[in-house]
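The sequence and the coordinates are shown first.

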Amino acid sequence: MYAGRYISIYIVVYMSHLVCQRSAEKVSPDRHVGLWFVRSPEPIVAPPGDEVVFECSLNVGSESVRWKHNSQFLPQDHAGGPAGHGAATSTNRLVKVIDERQAGDYQCIAWFGASALASTIGRLTLAELKPFPHTAPRYFTVSAGNNVVIECPAPVSYPPAVIQYYFNNVVLPDSSTMLMTTNSLVLHNVTSSNSGRYSCSATNYITGQTVQSQLVTSLSVVGSQQQSAPKFLYTPQSLYVVQNGSNVSLECLGVGTPPPSVTWRKAGGPLPRDRYQQVVGALKLANVQAPDKGVYICEVSNGVYPSVSHQITLEIQEPPVVIKEPSNSVVEEGGQVELECEVRGSPTPNITWLLNGEPLDNDSHATIRVNKLRIVDVQKRHAGVLQCIAVNVLGSVYGAAMLQVSPKQVTANSPLDPDEPIYLESSEGVSILPPLPSPGRTHPKKDHTRKGKGRRKDKKHKGTAVMIPPTRPNITRLSDRSVMVRWSVPPNDGLPILFFKVQYREMGGRGRGSRWMTSNEDIPSHIRSYEVDNLETDHIYRFRIAAVYSNNDNKLGPNSARFHLHKGTPNKGTPLSPPSLTHTEAISPSAIEIQWQYLNSVLAPVDGFYVYYRMTSSAGDYVKATVEGENTRAFIITHLLPDTAYDIKLQAFTVGSASDFSAILTHKTLKEQNTTVIPTVTQVVEVRRDDESNSHLYVILGAVGGGLVLLAAILGAVCFCKQRSPALQNSGEGEECDKVGRGEPGLTIQQLEPLPMNGFTHNGKVNGFMPHTINITNNPLADPHQDKNVMEMSYMTSQNNNCSAESSSGVEGEDSTWRARGSGENYV
């Protein structure tokens, strides 16, 4: 008997559990392992004195989660979330930013026994603004009618700084034209009024710092002179490095007499089709792709020899992508294995190999050749999760595989040590499980989860379907009384979401606050933002998102950070410029594509844009959509009505504020093709029959009601006569009749026989009769000045017509009584 075979069933069950959990989710880069990160740390820029939170979340609960900073493990931070034991699926890491010592790479490592999975890297950058580089003053003389570009080389800033221009020490208005990428100032058709001194400043909108440039450009505009060949006032920028999918403006402009014209071409090929636009001072390229890289040539000529030209090199950067990840492998102890990880990106990603979250660089058994890993003389300690992490300046990504080691056969002469990792043998190899608890041994950390709450969470997983909750919401201030709440849902194959609800509450001292308030609107599943208004200025709030799924169950996302709704605009010194909505196009009966420009997209980054739209014929609220990313310049509005005009406008936003609105553009969706009119004749006929049936019912009910009143009067007279008769002094009978006429408010009439209505039924019941007992009672709630003998009609389920008190009390039930009401009173 061999030790590995004692527990071969356990490993199969454990791995099958992971695979089943994996099958309900979206296929991810680490599909071979069955474990993956739903959320990973994101890059953050923060000033000294701020607090930032890194998030980490997995598809299944891990035994523990540890954080690394610049490849070194950090002490456990229990205040940051469930980072310790207890099958945690998510954890947060709170970082207090003091100085550059906190900057760097942050990464979470999730442990499953002796195996571990490492997340991608989130970089914390310290917000700062350095002085402008020293530049000597410039003096330019140009003839009137030329277009002139004034440049302002930006200083080093994280995030990129916002550039502001001055003319004779006066701030230029926002309407001034600036090139999108270089932030150079463009002066159109200059005249003598443009003569003067131009300077600039840079502002970091996070730190609030502003620095003045020492560069002063003096421009002198003179009258028409003799002809002169074109020239550049200064050498234009020669290298542009931009990210794949962004927009870029290649600057090139010359002056001369007469004013020259500029033509563009690309060396070795045509300009990007339908994605370029020539404007004054630049060539604009939209949504650049890898084939767009190369050399662009601008030629400036005005008919006077010689003309001038300038070459510009465009480089396109792409974030790393795993094309082919390593494959799961089973190897015998003492054998060897070779794994390959194929990645793509620009610049070329740097690849690091990890085994259970630790680098393999110092492993004497491992040899790494760029994207290939070879392990010789494989040991049991090599079993677990192998990862190739690819990193370049735009981000990181990883591929993962499971390495199983078949151990050498050993005789089980002693019991298993419960404190040692267990290497489990099966037909597929070896993996590692956490130590098994001894009988009577408790878990080292208590589970603080309430039982009731835990049982309720278990119901969120019905069958194999999983409800993936929304992310932690981000909050942006819109006004003194309103905020915009933004969230997302990780890609998944779980249950579809029907709609969202936004909840918020006001926070008091020590984290306590009021009850959660819920929005009245059901937010459609394709919307990822919502405006919450009627808040209180200078109050602190938390927000969260609830998703309602196709199984009619719901799940809450995590709470937002505490948000202080300040009064007034937080960034008065650096207000955001509104985007310019430039193009709208109907692409289907239910969708409109929009495009816009934002001048400060590189040196004044924003978090994204808000898209507002509503039907032109409506005076209701706008529907809001969120477009994430400072470089995004296009969006498709979906779920619209066909052949309908919509008003559309935009806002740019950061965490602290939102810009003014852009100008409103109106566009109409396409008409629906092959529209078929559904006949409604049958429905009209049914309505008429119902009306006819209802009219008959009213006549019958009136007749029955009149008969009941007459019958009640007769029975009352008979009972009164019997009381006056000396022959009815018997106590039992007197009490019985007394209950009918006075003391007990009940007079029951036997159920009426059904009246036929030509065999037609209404709501499943035969019309023309009341299918239950009619009980007429005195009205105990009558006003003291009213006659209490006014009768009240109750619709009872009992068919008893006795006068006894027992029978009367047996039918007095809230759920079995229907009281006829007229003009708000309870009697007829």
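Val 148 touches Val 142, Leu 185, Val 186, Leu 187, Val 190, Leu 219, Leu 233, Leu 253 and Val 255, leaving aside residues up to four places away in sequence; a contact here means heavy atoms within 4.5 Å. The model is a predicted one, in which local features need pLDDT of at least 70, side-chain atom pairs count only at pLDDT 80 or more, and totals for chains, interfaces and linings use all residues. Residues are numbered from 1 along each chain as its sequence is written, and side-chain values use heavy atoms, with hydrogens and water left out.

Val 148 is also among the residues with the most contacts inside the largest nonpolar core, together with Tyr 165, Leu 250 and Trp 264. That core has 47 residues. Apart from it lies another core, of 40 residues, including Ile 475, Ile 594, Val 627 and Ile 637. A nonpolar core is a set of buried Ala, Val, Leu, Ile, Met, Phe, Trp, Tyr and Cys residues joined through side-chain atoms within 4.5 Å. Buried means under 20% relative accessible area, exposed means over 50%, and partly exposed lies in between, with a 1.4 Å probe and protein chains only. In soluble globular proteins, nonpolar side chains tend to be buried together.

**Strands around the core**

Strands (E, at least two residues) and helices (H or I, at least four residues) are DSSP runs, numbered from the N terminus. Two strands pair if DSSP finds at least two bridges between them. An open antiparallel sheet is formed by three strands in the order 12-17-16. Its edge strands, each pairing on one side only, are strand 12 (148-150) and strand 16 (177-178). Strand 12 is joined to strand 17 (residues 185-187) by three bridges in the antiparallel sense, and Leu 185 in strand 17 is the bridge partner of Ile 150.

Strand 18 (residues 196-203) takes part in several pairings. Seven of the eight residues of strand 18 are buried, so this strand is largely enclosed by the rest of the structure.

| Strand pair | Sense | Bridges | Example of partners |
|---|---|---|---|
| Strand 14 and strand 18 | antiparallel | six | Ile 163 and Ala 202 |
| Strand 18 and strand 20 | antiparallel | three | Gly 196 and Leu 219 |

Arg 138 has its place in strand 11. Arg 138 touches Glu 151, Leu 215, Val 216, Thr 217, Ser 218 and Tyr 234, not counting residues up to four places away in sequence. Arg 138 and Tyr 234 are 96 residues apart along the chain, and their C-alpha atoms are separated by 9.5 Å.

**Backbone features in loops**

A cis peptide bond joins Tyr 158 and Pro 159, with omega about -5°. Pro 159 lies in the loop between strand 13 (157-158) and strand 14 (162-167). Another cis peptide bond joins Tyr 305 and Pro 306, with omega about -5°. The loop that holds Pro 306 runs between strand 28 (294-301) and strand 29 (308-324).

Two residues other than glycine have a positive phi in the loops described next. For Val 370, phi is near 55°. Val 370 lies in the loop between strand 35 (366-369) and strand 36 (372-375), and it is exposed, with a relative accessible area of 66%. For His 639, which is not a glycine, the positive phi is about 60°. His 639 is placed in the loop between strand 54 (634-637) and strand 55 (645-653) and counts as exposed at 56% relative accessibility.

**The chain as a whole**

The secondary structure of the protein comes to five helices and 62 strands. Of its 828 residues, 41% are buried. Among the contacts with a separation of 6 or more, 67% are accounted for by residues 24 or more positions apart. The protein exposes about 44,800 Å², of which carbon and sulfur atoms supply 51%; accessible areas come from the Shrake-Rupley method with a 1.4 Å probe, and for residues only the protein chains shown count as cover.
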